[in-house]
Amino acid sequence: MYLRFFERRGWRSTVIDKLEGEEAGIKSAVIEVRGEFAYGYLKSEIGVHRLVRISPFDANKRRHTSFASVFVYPITEESNEIEINDKDLKIDRYHASGHGGQNVNKVATAIRITHLPTSTVVTCQAERSQHKNLVLAMKLLRAKLLAIMKKEQAEKRDEVEKQKMKIEWGSQIRSYVLHPYKMVKDLRTQFETSQAEKVLDGELDSFIEAYLTMG
């Protein structure tokens with residue numbers, strides 16, 4: 001859904017890291033997005049999203065409910081605001097497990113960086129080059145550390161953490177229902193549509209605009 005939304009807006013996106021689910025689907029993913037006002041738009045997507053549908057992985061065709069937690073961090077360039085000492089970093093280079101094919105070669109130079117003082121962990125396996133993965137991982141780490149720094153300076157939870165919710169019933173910001181009826185509803189703005197397939201194909205503009213203009 002989000003990759004299609006980025007395409008529609010003409011934004012560039014790179015899947016920096018992706019962890020496959022143990023049985024099916026995707027357990028987690030990190031995507032870098034570059035585009036005009038990208039962070040301003042995408043911060044409206046922070047929160048828990050709930051999907052209700054007939055599971056394609058269930059032989060009995062039963063209805064299943066899934067949850068996905070979305071976070072958005074602004075990427076920053078090199079600056080004096082964030083000082084990262086090499087001694088504070090633990091860098092692991094590894095071969096990530098995949099499902100075979102070209103993916104095996106692509107993730108052979110995966111990078112995991114742990115910032116020891118804050119226990120912040122980032123991973124990257126988007127590139128074949130270990131150096132490029134390291135650069136991307138450091139960029140992501142810098143973004144996360146900047147969010148932490150702003151939170152501490154303001155002595156309050158920053159915008160990302162403020163909206164962080166436990167993935168459970170009743171905590172979602174938006175519901176995507178495909179069965180027994182079709183409807184996507186944002187529980188913050190009450191904006192809804194029956195065009196669920198179009199939303200899942202990346203037509204998110206109406207939801208984002210409703211959130212950004214909410215009084």
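**View 1. Arg188 and its salt-bridge partner in the predicted model.** Arg188 is partly exposed, with a relative accessible area of 22%. This is a predicted model, and in it Arg188 forms a salt bridge with Asp186, where the closest N and O atoms sit 2.8 Å apart. Asp186 itself is buried, at a relative accessible area of 0%. Asp186 also makes a salt bridge with Arg174, this time with 3.2 Å between the closest N and O atoms. Since Asp186 belongs to strand S9 and Arg174 to strand S8, the pair ties together parts that are 12 residues apart in sequence. Arg174 is buried too, with a relative accessible area of 0%.

**View 2. Strand S9 and the strands beside it.** S9 pairs with strand S8 (residues 174–177) in the antiparallel sense over four bridges, and Asp186 is the bridge partner of Arg174. Five residues lie between S8 and S9 in their hairpin. S9 also runs antiparallel to strand S10 (residues 192–193), joined to it by two bridges, with Val184 opposite Thr193. In the hairpin of S9 and S10, again with five residues between the strands, look for Gln190, which takes a positive phi near 70 degrees.

View 3. S3 and S8 pair in the parallel sense over four bridges, and Arg50 has Ser175 in S8 as its bridge partner. Val48 is part of strand S3 (residues 47–54), and it counts as buried at 0% relative accessibility. Val48 and Ser171 are 123 residues apart in sequence, yet their C-alpha atoms are 6.7 Å apart in space.

**View 4. The largest nonpolar core, around Leu42.** This core has 17 residues, and Phe5, Phe6, Trp11 and Leu42 touch the most other members. Helices H1 (2–9), H2 (38–42), H6 (196–200) and H7 (205–212) each supply at least two of its residues, and H1 gives the most, with three. Leaving out residues up to four places away in sequence, Leu42 touches Phe5, Phe6, Trp11, Val33 and Val72. Another core, of 16 residues, lies apart from this one and has Ile113, Cys124, Leu140 and Leu145 among its members.

**View 5. Thr120 and its surroundings.** Thr120 sits in strand S7 (residues 120–124) and counts as buried at 10% relative accessibility. Its side chain makes a polar contact of 2.8 Å with the side chain of Thr118. Beyond its neighbours within four places in sequence, Thr120 is in contact with Ile113, Thr114, His115, Leu141, Lys144, Leu145 and Ile148.

View 6. The structure holds 14 salt bridges. One of them joins Glu32 and Lys139, whose closest N and O atoms are 3.6 Å apart. Glu32 is in strand S2 (residues 26–34) and Lys139 in helix H4 (residues 130–154), so this pair ties together parts 107 residues apart in sequence. Glu32 counts as buried at 8% relative accessibility, whereas Lys139 is partly exposed, with a relative accessible area of 22%. Elsewhere, Arg4, Glu7, Arg8, Asp201 and Glu203 are linked in a network of salt bridges.

Note on methods:
Residues are numbered from 1 along each chain as its sequence is written. This is a predicted model: local features need pLDDT of at least 70, side-chain atom pairs count only at pLDDT 80 or more; totals for chains, interfaces and linings use all residues. Side-chain values use heavy atoms; hydrogens and water are left out. Buried means under 20% relative accessible area, exposed over 50%, partly exposed in between (1.4 Å probe, protein chains only). A polar contact is a pair of N or O atoms within 3.5 Å; within protein, one must be able to donate a hydrogen and the other to accept it, and residues adjacent in sequence count only if both atoms are side-chain atoms. Contact means heavy atoms within 4.5 Å. Two strands pair if DSSP finds at least two bridges between them. A nonpolar core is a set of buried Ala, Val, Leu, Ile, Met, Phe, Trp, Tyr and Cys residues joined through side-chain atoms within 4.5 Å. A salt bridge is a side-chain nitrogen of Lys or Arg within 4 Å of a carboxyl oxygen of Asp or Glu.
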